Amino acid sequence: MIEIEDLTFQYRESDAPVIEDMSLSIPSGAFAGIIGAAGSGKSTLTYALNGIVPHCYPGDFYGSVRIDGNDTCDTTLTDLSQMVGSVCQDIDSQFVSAVVEDEMLYGLENYGVPHDQIEGRVQEALEAMGIADLRQRLIASLSGGQKQKVAIASILAMRPSVLVLDEPTAELDPASSRNVFALLSHYAEAHGTTVVVVEQKIALLSEFTDLLVVVEAGRIRFAGAPEEVLAHSEELLEIGVNCPRCTTLMNRLAAGGLYAGPVCTDVPSACRALCEVAA
Amino acid sequence: MDGFLEYVPGNSFLHRLNPVTKIAFAIMFAIACFCTGNLVFLCLMLALGLALAASCSMMRQTLGLMRAVLAFSLVLAVLLLLTTPKGDLLVELPWGYIGSDSILAAVVTVIRLEAAAIPLFLTFYVTKMTDLSNSFVKVLHVPYRYAFTFASTVHFIPVFMNDMRGIMEAQTARGVEFDQGGMVRKIRLMVPLCVPLLISSVRKTNSSAIAAEVRGFNLRTRESGYKRYPMTGADWAVIALGVVVLAAAIALSLL
């Protein structure tokens, strides 16, 4: 679904490439997570996926990004937006309406979705994010977490085949963050949507993603299943990515020869592994 | 919510009117106020404006607007007093005099501005910006990009005001005394803050434009709008009232 080949991008006003020689393949229906230290090029990578780079931010663009076979450089932003739904980091700037219902309608009206389908899509997206009761609320009166859900729901209503989210849980507490990931995961599975999410909460990524990509200084340092990537907990720590503590603990036990099982990505699996070690 | 120019939900008669009716009536009302200098008529217009505000429970916000308009209109009124020597001499000035008609002209200016502002102001409080822009597209056939530009401009006014408030609070926390001294000192302190406000405003509008574009802004047509804005009997009645008010003002000005 998403093919990135030798991508290098440098903003016109910057001195060095933000993304350098990046290649990545994300299959259709995958739930991919991108993580990395601040300034490592994560957001620019999302811009490359939804076409904002190079269509809105000019610069030197080398290599290619293909979404379902369409080169993002040759496809207009409007055409790309029909395939790729985006939730940006600054959600307040994404809102164009004062009321949740109008925000939901915005994209559907623009794309000329038949009017007899609109109500169903709006309701489905609101229910998918668990915010059906917020439909008539003023966006300005919502909490940060509710706004995040509205922003995601307004994109889900357009039923994109690819969903790109830049730190969608930045303003959420851990429980709400997990709730958003669970809702997203459930929706993506039900609709076959490919999801690419930039996130700093690695525990969430390791729990929900099929593919975990670690970016360092514009390059992909690790990419693979969460278990494969988290096996490098020491290297991840060096580049500013903290692994879940249970993973770090079990990796250290493994390094000391005390544990030889698979990488533990969550607390229950680490508990089971520790019990085995103790036994 | 009662932020400046932010929609206040409700189900009053004004809320239910077609957005085009509201803006058309407000414009006719404002033009009528400027067509005549008849003080009695203007007082009636002011009373009508206040009645409209009361009908949609917007008196508090309206009185706040009237205070702001009063400050502006008083400046104009004083200028008129000092520069239009008319009527019976009341106070001698080195360059002329203040006459009885000068006072009348000053009072008319204040009442006229107060009366003209109220319906326009109410329109924004009882109408969602998206409804206003969508109805322009559906009913008046205004191209969507112009209607969206208008709606976005109004949408950003409270956003930028909140940003300015945030910047001022941050500066206050660092010891800048905005509450000390007079208006000139306050303005002098605020001028340097316009730079960060301008930068954040440009960033926000740029992000907003990109967000709109990646949601198919360029594909929008008049037919693709979901909501319909039919003109009802009440809408035509209100427009007829606006025409009558405007005609009366023009007739008074010709008499």
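In this predicted model, 47% of the 279 residues of chain A count as buried. Chain A contains twelve helices and ten strands. Its radius of gyration is 20 Å, close to the 19 Å that the globule rule gives for 279 residues, so chain A is as compact as a globular protein of that length. Taken along the principal axes, the C-alpha atoms of chain A fill a box of roughly 65 × 45 × 30 Å. Among the contacts in chain A with a separation of 6 or more, 63% are between residues 24 or more positions apart.

Six of the strands of chain A form an open sheet with mixed pairing, in the order β6-β7-β8-β3-β9-β10. Strands β6 (84-87) and β10 (219-224) of chain A stand at the edges; each has a single partner strand, so one side of each is left without a neighbour in the sheet. From one strand to the next, the twist averages 15°. Within this order, β3 (residues 31-36) and β8 (residues 194-198) of chain A run parallel and are joined by four bridges. One residue pair can be named here: A:Ile34 has A:Val198, in β8(A), as its bridge partner. Helix α6 (residues 144-156) of chain A packs on the sheet, where it touches β6 and β7 (162-166) of chain A. The direction of this helix makes about 170° with that of β6(A).

The loop between β9 (211-216) and β10 of chain A holds A:Gly218. A:Gly218 has 23 C-beta neighbours inside 10 Å and therefore counts as buried, the threshold for that class being 20 or more. When neighbours within four places in sequence are left aside, the contacts of A:Gly218 are A:Pro17, A:Val18, A:Ile19, A:Glu20, A:Ser40 and A:Gly41.

Attention now turns to chain B. It has ten helices and two strands, which follow one another along the sequence in the pattern α-α-α-α-β-β-α-α-α-α-α-α. Of its 255 residues, 33% count as buried. The C-alpha trace of chain B spans about 65 × 60 × 30 Å along its principal axes. In chain B, residues 24 or more positions apart account for 76% of the contacts with a separation of 6 or more.

The domain assignment divides chain B into domain 1 (13-133 + 230-254) and domain 2 (142-219). Taken over C-alpha atoms, the centres of domain 1 and domain 2 of chain B are separated by 28 Å. Where the two domains meet, five residues of domain 1 of chain B are in contact with six residues of domain 2 of chain B. Helix α6 (residues 129-140) of chain B gives the most to the domain 1 side of this contact, with four residues. By class, that side has three nonpolar, two polar and no charged residues.

The two chains also touch each other: 29 residues of chain A are in contact with 25 residues of chain B. On the side of chain A that touches chain B, the elements giving two or more residues are α3 (77-81), α4 (100-110) and α5 (115-128) of chain A. The largest share of that side, seven residues, comes from α4(A). By class, the side of chain A that touches chain B has 14 nonpolar, twelve polar and three charged residues.

A residue of chain B gives one example of a contact between the chains. B:Glu213 is found in helix α9 (residues 194-213) of chain B. Residues up to four places away in sequence not being counted, B:Glu213 touches A:Leu77 and B:Asn218. B:Glu213 has 19 C-beta neighbours inside 10 Å and so counts as partly exposed, since a residue is buried if 20 or more other C-beta atoms lie within 10 Å of its own and exposed if 12 or fewer do.

How values were computed. Residues are numbered from 1 along each chain as its sequence is written. Chains are lettered from A and ligands numbered from 1 in the order in which they are written. This is a predicted model: local features need pLDDT of at least 70, side-chain atom pairs count only at pLDDT 80 or more; totals for chains, interfaces and linings use all residues. Two residues are in contact if their C-beta atoms, placed from the backbone, lie within 7 Å. Ala, Val, Leu, Ile, Met, Phe, Trp, Tyr, Cys and Pro count as nonpolar, Asp, Glu, Lys and Arg as charged, and the others, Gly among them, as polar. Domain bounds come from an automatic or database domain assignment. Two strands pair if DSSP finds at least two bridges between them. Axes are lines fitted to C-alpha atoms, for helices over the stretch in contact, and angles run from 0 to 180 degrees between N-to-C directions. The radius of gyration is taken over C-alpha atoms; the globule rule is 2.2 Å times the number of residues to the power 0.38.
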